[in-house]
Amino acid sequence: MKLIAGNSNRALAESMASYLGVSLAKARITRFSDMEIFVEIEENVRGEDVFVIQSTSYPANDNLMELLITIDALKRGSARRITAVIPYFGYARQDRKTGGRTPISAKLVANLITSAGADRVLTMELHAGQIQGFFDIPLDNLIVSPVFVPEIQKIFKGEELVLVSPDVGGVVRARAQAKLLNAELAIIDKRREEAGVSEVMNVIGKVDGKVCIMVDDIVDSGGTLCNAATALKEQGAKEVHAYVVHGVLSGKAVERISDSALETLVITDSIAATDEVRKSNRVKHLSVAPLMGEAIKRTSEERSISALFG
Ligand code: R5P
């Protein structure tokens, strides 16, 4: 097995390598003076089972292009099998036409990865499960519960918990975690009654006096979580925390979260944290390296990955 890291999240790739007890393969991903990307794999990959680790996070286009060019270099270097390990799959939110003459960018990205020469994809908590069907190669979509659930059990031992989906789209994810934690479920229903009138947040479920744990796949601007936290507090929630897989945290997200009713935001290292994110005492970090490392190991040994999730 060989692991190759792109530039998007080297720390996570190194943690995965250390979990697996291997070193990252030598590869050089550099730029020409016009910023075109050049990749050189500096060791033999002929006949090898190769895993390319790259999140297509900000800057998404550069990171995606690095991934595609690395796969191409490996294909031309006669790797036996290439698995694109994409802890955070960017462009996932563009998974359907939202209006006339708009793209389905998630499908386009799936086509690009496949055309570049990937044989398999390993990713985590896709924004929408059906994106798996955009690929005509095998894809494993890991779920984050083995990382979040034991942590929530440890931190909130003895508390009456309510797992909250901050929007209707996330209900399946929140329900799954609620079941594992034997907790109640609540849902935030966002509704704009009239154009130009601000959104109304309805809380479906009982949160009064309870500790609310919101779970979501992505925190980007932070708007969804911060507004939901306010609505939960207005309904009498004792505390509001959030566990989110992919900390995109663009623009003024960190500032917004610091000023919000959220006590803590827990994110994973699927996306490399910026200095601002790292410095925030409101944001806590959990690593998915052991989970993803184990999935790489099982892929390489042709063993079940679903068995990881009980
Ligand atoms: C939406 O469907 C996603 O699950 C997230 O809730 C959303 O992307 C979060 O975005 P933001 O933090 O900008 O509100």
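Before we set off, a word on how to read it: residues are numbered from 1 along each chain as its sequence is written, and side-chain values use heavy atoms, with hydrogens and water left out. Since the model is predicted, local features need pLDDT of at least 70 and side-chain atom pairs count only at pLDDT 80 or more, while totals for chains, interfaces and linings use all residues.

Let us start at the ligand. Its shell holds residues with a heavy atom within 4 Å of it, and these are Arg93, His127, Asp167, Asp216, Asp217, Ile218, Val219, Asp220, Ser221, Gly222, Gly223 and Thr224. By type, the shell has two nonpolar, five polar and five charged residues; here Ala, Val, Leu, Ile, Met, Phe, Trp, Tyr, Cys and Pro count as nonpolar, Asp, Glu, Lys and Arg as charged, and the others, Gly among them, as polar. Strand 11 (211–219) and helix 6 (223–234) each supply at least two shell residues, and strand 11 gives the largest share, with four. Helices (H or I, at least four residues) and strands (E, at least two) are DSSP runs, numbered from the N terminus.

Which polar backbone atom lies 2.8 Å from an oxygen atom of the ligand? It belongs to Gly222. Side chains take part too: an N or O atom of Arg93 is 3.3 Å from a ligand oxygen, and one of Asp167 is 3.4 Å from a ligand oxygen. The protein covers 81% of the 380 Å² of accessible area that the ligand has on its own, with areas taken from the Shrake-Rupley method and a 1.4 Å probe, and for residues only the protein chains shown count as cover.

Now step back to the space around the ligand. Rolling a probe the size of a water molecule over the atoms shows where empty space is left. On a 1 Å grid over the protein atoms alone, a cavity is a set of points where a 1.4 Å probe fits but cannot get out, and a pocket is an open set with protein on both sides within 12 Å along at least five of seven lines; lining residues have an atom within 4 Å of a point. The space taken by the ligand is the largest pocket, where a molecule sits in a pocket if more than half of its atoms lie within 2 Å of its grid points.

This pocket is lined by 32 residues, and His127, Gly170, Arg173, Asp216 and Asp217 lie nearest its centre. Helix 4 (145–155), helix 5 (171–181), strand 11 and helix 6 are the elements that give two or more residues to the lining. Helix 5 gives the most, with five residues. The lining divides into 11 nonpolar, 12 polar and nine charged residues.

Finally, look at the backbone. Most residues other than glycine have a negative phi, and most peptide bonds are trans. Tyr58 and Pro59, however, are joined by a cis peptide bond, with omega about -5°, and Pro59 lies in the loop between strand 4 (49–53) and helix 2 (60–76). Asn182, not a glycine, has a positive phi of about 55°; its place is in the loop between helix 5 and strand 9 (184–191).

Key
Polar contact = N/O pair within 3.5 Å; in protein donor to acceptor, adjacent residues only side chain to side chain.
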